[in-house]
Amino acid sequence: MAEHMDPEEFRRAGYAVVDWIADYWTTLGQRPVTSQDPPGAVAAALPAGPTERGEPVEAVLADLDSLIAPRLTHWQHPGFFGYFPANTSGPSVLGDLVSSGLGVQGMLWATGPACTELETVMLDWLAGLLGLPARFRSTSRGGGVIQDSASSATLVATLGALHRTSKGRWREVGVDQRYRAYTSTQGHSSIEKAARIAGLGADGVRPVEVDPQTQAMRPEELRAAIEADRAAGVVPAIVVATIGTTSTTAVDPLPEIGAICAEYGIWLHVDAAYAGAAAVCPELRWSHAGLEHADSYCFDPHKWLLTGFDCDAFWVADRGELIEALTVMPEFLRNAATESGAVIDYRDWQVPLGRRFRALKLWFVLRWYGVEGLRAHIRSGVTLAGRFAERVGADDRFELAAPHPFSLVCFRLRAGDEPSAELLRRANGTGRVHLTHTRVEGRYALRLAVGSPLTTEKHVDEAWNLLAATADDLVGA
């Protein structure tokens, strides 16, 4: 029978696993970005059940090489330009390793004091790094917490908004009125999902039209929607504005939206899942103008700030409201520290009770890179995207489909939707790059998102050369 892995065995196996990851990162550029195998290939290659006797780590690593790695979509690949980046880094992996090794359960301050306090300070560090309004700091009435994703942040904000809008009735009797959430037609799908989970139904979300040029929410359309709902007896509960929409990275006009929310007493949540990281650079903070109006705000360090998934940074302007909405205190969790009122129990800031020590990887990343290193990373992405956009603009077969303020470029073939879709299919089919698509004002567009720390000018130029050569075959030179 295999014994528990003792510390010395762990040390030896751990070195082997770290070597495997380092080798994986070193060889990523030579691998196809995506797997060409059909669905079911991994499942068919695995045994029907676990082995009777324990196996050494070497056997598992061998199967990682032969079964798993070839059948992945490689999100850390220098030629991965799909969706938004979801990038990790050496310091982040090491921080996660320590978190896993400690195995701390951070639901209460009492169950891991350093786990809670490091998280509070890291969110204050991040707030300073991004230049967020002072009301989001733990030294004021607000404060920050790590959620698993922006989807959870939107859900928690929605629950806080329902609690406030109902003057506390929601907590006791649930949804007893017709409430509405508002977001632009470009808002993330998680906003509708949050409304459904919160009991509002898909009908509980009112999509607001955007400006066709900028793809940003039109404040006058928001006001009209709120007025119409109020006249019909529907209660406006929350507006979700976006800094960096999923399709094109449009920035909703927060100053105007914030003024409307203040006028009607509506909770304003700002979703900056991808583009929030840009605010580490002072020259990109224009995108956050008007944030002082927000009741809550989130961004994902796990997208563009070198911190491995999952790590969404979520702030509220009034932590008391959030805690009041979400707190439940069974007898088995009662403890002196909580009763004293002098500590933060993050279980009251999220949906689950349990929580990992995610602040460690953030601490490792912020200390390893420093402010200068993080700014250099963001600036590199913006510069590379600009370089690619210049190539697109200089080729009269192509056109830009939307502005590109950050590190995402949306573009298409002028020849139309079908040639553009075929261009994407053929380019991705080479295994050298991976792009995704969207529709802008109903028209097909390819999306190239830069973010991997491994991506350089060479990789962006290779992507352009591949797309241009493929266009030669499709529409001529």
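1. A quick term to start: a nonpolar core here is a set of buried Ala, Val, Leu, Ile, Met, Phe, Trp, Tyr and Cys residues joined through side-chain atoms within 4.5 Å. Buried means under 20% relative accessible area, exposed over 50%, and partly exposed in between, with a 1.4 Å probe and protein chains only.

2. Bear in mind that this is a predicted model, where local features need pLDDT of at least 70 and side-chain atom pairs count only at pLDDT 80 or more, while totals for chains, interfaces and linings use all residues. Numbering runs from 1 along each chain as its sequence is written, and side-chain values use heavy atoms, with hydrogens and water left out.

3. Now the cores. The largest one has 66 residues, and L126, L130, L222, V239, Y297, F299 and W315 have the most contacts inside it. Helix α5 (residues 113-130) gives the most to this core, 8 residues. There's also a second, separate core of 33 residues, with V145, A153, A161 and I238 among them.

4. On the overall fold, you'll find 16 helices and 11 strands; helices (H or I, at least four residues) and strands (E, at least two) are DSSP runs, numbered from the N terminus. The radius of gyration is 24 Å, close to the 23 Å from the globule rule for 477 residues, so the chain is as compact as a globular protein of that length. That radius is taken over C-alpha atoms, and the rule is 2.2 Å times the number of residues to the power 0.38.

5. Buried residues make up 52% of the 477 in the chain. Looking at contacts (heavy atoms within 4.5 Å) between residues at least 6 apart in sequence, 74% join residues at least 24 apart.

6. Leaving aside residues up to four places away in sequence, L28 touches H74, Q76, H77, P78 and L454. L28 and P78 are 50 residues apart in sequence, with their C-alpha atoms 7.6 Å apart.

7. Then look at P282, in the loop between β5 (267-271) and β6 (296-299). P282 is partly exposed, with a relative accessible area of 42%. Not counting residues up to four places away in sequence, P282 touches R375 and R379. The C-alpha atoms of P282 and G131 are separated by 8.3 Å, though the two residues are 151 apart along the chain.
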